Amino acid sequence: MADYDLHHHGDREVGPGLIDLAVNVRLPRPPAWLRRELASALDSLAAYPSPVDAEAAVAERHGRPVSEVLVTAGAAEAFTLLASALRPRRAVVVHPQFTEPEAALRAAGHAVSRVVLSEADGFVLDPALVPDDADLVFVGNPTNPTSVLHPAASLLSLARPGRVLVVDEAFLDAVPGEVESLASGAPGVVVLRSLTKTWGLAGLRAGYVLAEPDVIGRLRAVQVPWSVSTLAGVATVACCRPSALEEAEKLAVAAEADREYLVSGLTAAGVDVLGDPRGPFVLVRVPGGAGLRSRLRDAGYAVRRGDTFPGLGPDHLRLAVRDRAVTDAFLATLKTLFTRSAD
């Protein structure tokens with residue numbers, strides 16, 4: 001099995017003075033109303049945190065019982081909890097995707113089988129590729145880094161008795177209408193959500209798990225006490241309110257338009273945009289991608305390398321979607337670099 005740096009993430013690409021196209025957090029800071037809510041909770045930090053209000057808010061937001069909700073310190077904590085709580089005979093990770101699920105499984109001592117989707121097929125999920133004897137399966141939707149949104153029906157076809165299907169929906173709230181989500185619940189399905197991407201909260205660590213009560217109970221049993229801070233709990237409650245959901249939908253619609261603008265510009269510049277991107281980022285393949293990434297860095301732009309994702313190589317780069325002014329400047333820089341390399 002090929003060796004990849006599973007702990008490499010976009011934040012390692014950024015640096016002082018660089019315009020960040022490597023990290024998929026959409027906002028540069030939380031919105032003002034959310035910052036006010038967080039600031040108002042500072043006086044309560046002497047008390048130990050409780051997840052009760054946050055879990056009730058998540059349950060109401062998704063129309064599920066509280067017994068089917070666990071709030072976590074970001075969605076990434078959930079991967080560690082799953083790897084610690086479950087004892088799979090055969091764990092499968094569908095790649096290319098976020099590498100922390102595999103990293104957490106390996107750290108917990110589990111063997112991991114990889115199912116690698118084909119670039120030639122646009123990284124579309126083929127359920128037949130997942131072995132029948134897999135009893136723990138991880139898949140992202142929309143998938144990081146491919147930005148492909150898999151149909152809910154394809155995902156549900158992977159669910160079966162004796163199998164836990166984990167669907168990472170960390171970017172689903174960036175898809176208008178949250179189409180293809182399984183958050184409403186299905187037997188054997190575990191859904192992970194993150195609040196960090198849409199609301200600019202990567203430094204706060206706020207996320208949650210939706211699953212059947214027995215799975216939630218097993219995860220809760222291995223969760224570190226008080227792992228979810230008071231401020232993360234406040235943010236979770238605030239971001240589950242109807243007004244916040246309405247704002248998130250508007251942000252998703254704007255992100256979709258900005259992504260289409262970026263894709264159009266990349267295509268015009270002769271860059272291969274892979275798959276059918278639906279998330280707030282795109283995956284591209286460029287001959288000499290590693291060298292281009294270095295030249296972009298020298299020109300002031302940080303982009304995410306692709307060769308740390310199983311199934312991808314050094315010619316793959318992931319680009320975060322930004323507003324049109326940033327995109328225009330980036331595309332102009334890209335064209336300049338292409339012209340220089342052609343001379």
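In what order do the five strands of the open sheet run? The order is β1-β11-β12-β10-β9, with mixed pairing, where strands (E, at least two residues) and helices (H or I, at least four) are DSSP runs numbered from the N terminus, and two strands pair if DSSP finds at least two bridges between them. Because β1 (19–21) and β9 (272–273) stand at the edges with a single partner strand each, one side of each is left without a neighbour in the sheet. β1 pairs with β11 (residues 301–305) in the parallel sense over three bridges, and in β11 the bridge partner of I19 is Y301.

This is a predicted model, in which local features need pLDDT of at least 70 and side-chain atom pairs count only at pLDDT 80 or more, while totals for chains, interfaces and linings use all residues. Residues are numbered from 1 along each chain as its sequence is written, and side-chain values use heavy atoms, with hydrogens and water left out.

Turning to charged pairs, the structure holds 21 salt bridges, each a side-chain nitrogen of Lys or Arg within 4 Å of a carboxyl oxygen of Asp or Glu. One of them joins the side chains of R285 and E119 (2.4 Å, N to O); since R285 lies in strand β10 and E119 in the loop between β4 (112–116) and β5 (136–140), the pair ties together parts that are 166 residues apart in sequence. Another links E178 and R193 (3.0 Å, N to O). R193 counts as buried at 2% relative accessibility, where buried means under 20% relative accessible area, exposed over 50% and partly exposed in between (1.4 Å probe, protein chains only).
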